[in-house]
Amino acid sequence: MSDTEARRTTPQYIAVSDILKQRIQEGLYPVGSHLPTESQLSEEFSISRHTTREALRRLSETGLIHRRQGSGSRVLSTEVRSHYVHAMKSLDQLFAYASDTRLRFLEVHEGRPDPATGIDDDADWLCIEALRLERDADVPICFSLVYIDMRFADIRAKLADYQGAIYALMEQSFGIEVSEVEQVIEVVRLPPQAATVLDQDSDAWAARVVRRYLDGDGALLLASVNYHPVDHFSYELRMTRTGGRLG
């Protein structure tokens, strides 16, 4: 499939990252060399800087490149590192989860995103610190950090009495659409703030669930980092057969 054909059938950032991965594996960009700059890639593929950054982030997550502010993207390997990322194509279950629980907002401020989000620019984002509880009881489910692009900072005025999914409130308020959500689950030590809010020991373990909400061009709209105590966390995935294949 040609570069042009690949870009017609998949989201832009995925198509571009796949093309760059192929170039790396074919030796066009050897290990130790640098990829073209963000502006050069944006011009070559006629895409936005946001889309370019998402494509490069995807390569970084697979271990093919290392990105460093001011130094560009250096090729580390031609082999993809094993790393679990779950990309959800339907938001129905995520919306249902938000509807069956409730948020207690703890603080809203501006600041740099948690590195776990994969956001590596120098800009401040709107940060919402919240505790997610069971719908009808004060039983904590997780501690959440939600980061919203400052273009949508006016959303803070609508949070006081809101209990649903924040991405849905953004869609309603700004006429945008979340097309895809990437989810990464890792087991980590609870950070001190999360341990205090969740009433857990300082050395407790948690399932850290990071979600990245993307529009149709692959631009990141918001990201969340959610800490679930491991003894209260389970993950279920249901797969259906489509066109003779499970997916």
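Student: Which residues does Tyr-227 touch, not counting residues up to four places away in sequence?
Tutor: Happy to start there, with the reminder that this is a predicted model. A contact here means heavy atoms within 4.5 Å. With sequence neighbours up to four places away set aside, the residues that Tyr-227 touches are Asp-114, Ile-141, Cys-142, Phe-143, Val-188, Leu-190, Pro-191, Ala-194, Leu-198, Ala-206, Ala-207 and Arg-208.

Student: How many residues of strand 6 are buried?
Tutor: Buried means under 20% relative accessible area. Strand 6 has nine residues and is mostly covered. The number of its residues that are buried is eight.

Student: Which residue stands opposite Val-146 in strand 9?
Tutor: Let's look at the partners of strand 6. With strand 5 it forms a hairpin with five residues between them, and those two strands pair in the antiparallel sense over eight bridges. Strand 6 also runs antiparallel to strand 9, joined by six bridges. In strand 9, the residue opposite Val-146 is Ser-224.

Student: What percentage of the residues in the protein chain is buried?
Tutor: The chain as a whole has seven helices and 11 strands. Out of its 247 residues, the buried share is 43%.

Terms used: Residues numbered from 1 in each chain as written. Predicted model: local features only at pLDDT ≥ 70, side-chain atom pairs only at ≥ 80, totals over all residues. Heavy atoms only, no water. Helix = DSSP H or I, 4+ residues; strand = E, 2+ residues; numbered from the N terminus. Buried < 20%, exposed > 50% of the residue type's maximum accessible area, 1.4 Å probe, protein only. Pairing = 2+ DSSP bridges.
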